[in-house]
Amino acid sequence: MLDIENLVRSGETQRMGDLEITPQTNVLQIQLRGHHAGLIWNRPRAVIIKRPDGEETILPVRDLTRMIIWGMLAGGILGAVLIGLTNRQK
Amino acid sequence: MTDELATTQPELAGYEAFQDTMEEFLAAGDVRVVYGEPIQHEDTVIIPTAEVLCVAGFGIGGGSGTDAQKNPEKPSQGSGSGGGGGGRILSRPVAIVVASPEGVRVEPVVDITKIALAGLTAVGFMVGMLFRMNRRQALFTQDE
């Protein structure tokens with residue numbers, strides 16, 4: 001029924017001075033089999049930096065906004081549970 | 001005199017249009033959609049990055065038939081086709097990649113409005129829970 005794929009895609013390497021930068025993305029593809037419908041969630045994953053000496057560094061691209069939002073929501077739920085527990089003890 | 005699905009020319013054209021749109025939809029999964037064109041400023045190069053969420057759905061159909069009830073010798077024929085679709089693309093900046101002579105770093109893009117809204121939702125949830133608990137406690141004490 002559903003085709004779900006989670007892929008890591010690498011883009012074209014770009015040369016900036018001595019460095020070679022390769023962008024990577026994380027793609028989540030959901031398609032309804034036999035139908036013309038679907039969802040694509042494409043987000044940056046990391047940047048691979050290659051130095052002239054051959055050393056490779058992977059810089060992850062973190063979504064700080066999402067991390068803060070999830071943290072706040074988790075905190076809200078935890079706070080509500082704690083309020084409920086303390087009220088029950090009273 | 002068959003009730004088979006007859007594919008007509010306009011239907012084919014519509015189908016091709018849907019195929020083209022579907023191909024464009026699949027292009028949303030490309031790396032170039034997420035990483036923008038590098039912006040050069042003196043010695044520094046900036047690459048903007050964004051998150052893309054694309055949802056789409058299309059449908060097309062058609063059919064034809066004959067009605068031999070009124071006039072069995074010369075039955076009337078008819079056909080029809082139609083289609084429809086919809087979709088949405090959401091895009092949001094995530095970070096910028098800064099390449100300077102000092103090195104390469106990733107600077108996150110923080111959406112204060114979204115964070116403030118999430119914070120208000122979390123606080124509202126907690127305050128609502130507190131009020132509900134207090135009201136329930138007040139009802140219990142009244143009963144006693």
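Analyst: Buried area is the accessible area that two parts lose on being put together, summed over both. The model discussed here is predicted.

User: How much area do chain A and chain B bury between them?

Analyst: Chain A and chain B bury about 3800 Å² between them, with 70% of it on carbon and sulfur atoms; by the definition, that value therefore counts area lost on both sides. In chain A, the residues that lose the most area to chain B are A:His36, A:Ile40 and A:Asn42, which together account for 19% of what that side buries.

User: What makes a residue part of the contact, and how many residues does each chain bring?

Analyst: Contact requires heavy atoms within 4.5 Å, and on that basis chain A contributes 47 residues and chain B 49 residues.

User: Why is the pairing of B:Arg92 with A:Asp63 called a salt bridge?

Analyst: The closest N and O atoms of B:Arg92 and A:Asp63 are 2.4 Å apart, and the cut-off for a side-chain nitrogen of Lys or Arg and a carboxyl oxygen of Asp or Glu is 4 Å, so the pair qualifies. Between chain A and chain B the count is two salt bridges.

User: What makes A:Arg88, B:Arg132, B:Arg135 and B:Arg136 a positive patch?

Analyst: Arg counts as positive, and like charges are joined within 9 Å where residues have over 30% relative accessible area and no salt bridge, so these four form a positive surface patch. Helix H3 (residues 112-143) of chain B gives the largest share, three residues, and B:Arg136 lies in that helix.

User: Which residues form the nonpolar patch, and which helix gives the most to it?

Analyst: The patch consists of A:Ile77, A:Leu78, A:Val81, A:Leu82, A:Leu85 and B:Phe125, with about 590 Å² of accessible area together. Helix H1 (residues 64-89) of chain A gives the most, five residues.

Technical notes: Residues are numbered from 1 along each chain as its sequence is written. Chains are lettered from A and ligands numbered from 1 in the order in which they are written. This is a predicted model: local features need pLDDT of at least 70, side-chain atom pairs count only at pLDDT 80 or more; totals for chains, interfaces and linings use all residues. Side-chain values use heavy atoms; hydrogens and water are left out. Buried area is the accessible area (1.4 Å probe) that two parts lose on being put together, summed over both. Patches are made of residues with over 30% relative accessible area and no salt bridge: like charges are joined within 9 Å, nonpolar side chains (Val, Leu, Ile, Met, Phe, Trp, Tyr) within 5 Å. Accessible areas come from the Shrake-Rupley method with a 1.4 Å probe; for residues, only the protein chains shown count as cover. The place of a charge is taken as NZ of Lys, CZ of Arg, CG of Asp or CD of Glu. Helices (H or I, at least four residues) and strands (E, at least two) are DSSP runs, numbered from the N terminus.
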